[in-house]
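Please read these notes with the structure open beside you.

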Amino acid sequence: MRIRDATPDDIPRITEIWIIAYSDDPDYGTIFPWRAEFPADYQRLWTTRITAAFLQGEERYLVVETDDNGGSRAEVVGWASWSRKGSSWAARKIRADNSGVLKGLERRLCGLEETFVRPVLQFFQLYTEDRIESPIAEKYYSEHRVFEKGFWTGDIEEHWFMSKLTVDPKWRRKGIGMMLLQWGFDRAQEENIPVGLESSRAGSPLYLKAGFVEIKRYEWPEAGISVPILLWRPKTD
């Protein structure tokens, strides 16, 4: 197994792993209650969101792939997205370094698709989020953004944040999740800052075993959603 930066060519496989891994997640079932009825729409939605976040450049996408033994093609079996949060010079520099010139060009091409292609597809009902997203989804996103802005402040403003970590179910319990976590731990340790994340229900055992502690919960009673906010602090001598 080896870990590397993701490329645009990895996005279809990344999306596939994400959809498979969260197919039974109850919170995603609340936000996307009709995903099973319109699987093509659901796949395109996540392809669009993952691509946009990748090209925006603030998140660093990493993949774990199998070894290329005997000439067989390596397979991506897990991935994670990391971002350096905060307003310090160090945080701004890391985000700038991750953006890069090539990603800037790719972002402009992606912008053309968002501006011209997607509205046409929506007009002909070839693609629409309305068919799979709950009517409360946008309110959830809006309130969650307000929560995030007000929560990560003070002594935890400067931190590494892992927004996604997913492993192909066929490859679980092989240390892949810990490989992806360790990447962030190493960088947080170098800077002596914490690591934060919002955990799915299924992911909490892995994170707690890795040394995270729950510091708060994002509660949204309207939809029965309760998301644990976890924090890992670097070891000190």
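Which residues have the most contacts inside the largest nonpolar core?

1. The model is predicted. Its largest nonpolar core has 35 residues, and those with the most contacts inside it are Ile50, Tyr61, Trp79 and Tyr140.

2. Two or more residues each come from α1 (11-21), α3, β2 (60-65), β3 (76-85), α6 (137-151), β6 (213-220) and β7 (225-232). The largest share, seven residues, is given by α3. As background, nonpolar side chains in soluble globular proteins tend to be buried together.

3. Leaving aside residues up to four places away in sequence, Trp79 touches Ile14, Ile17, Trp18, Ile50, Tyr61, Leu62, Val63, Lys164, Leu165, Thr166 and Leu180. A second, separate core of 23 residues includes Trp160, Leu165, Phe185 and Ala210.

4. Now the arginine. Arg35 lies in the loop between α2 (26-31) and α3 (39-56). Is Arg35 buried or exposed? Arg35 counts as buried because its relative accessibility is 13%, and buried means under 20%.

5. What does Arg35 touch, not counting residues up to four places away in sequence? The contacts are Tyr22, Ser23, Asp24, Asp25, Tyr28, Gly29, Tyr42 and Ile132. With Asp25, the side chain of Arg35 reaches the backbone oxygen at 3.4 Å. Ile132 is 97 residues from Arg35 in sequence, yet their C-alpha atoms are 5.1 Å apart in space.

Technical notes. Residues numbered from 1 in each chain as written. Predicted model: local features only at pLDDT ≥ 70, side-chain atom pairs only at ≥ 80, totals over all residues. Heavy atoms only, no water. Helix = DSSP H or I, 4+ residues; strand = E, 2+ residues; numbered from the N terminus. Buried < 20%, exposed > 50% of the residue type's maximum accessible area, 1.4 Å probe, protein only. Contact = heavy atoms within 4.5 Å. Polar contact = N/O pair within 3.5 Å; in protein donor to acceptor, adjacent residues only side chain to side chain. Core = buried A, V, L, I, M, F, W, Y, C linked by side-chain atoms within 4.5 Å.
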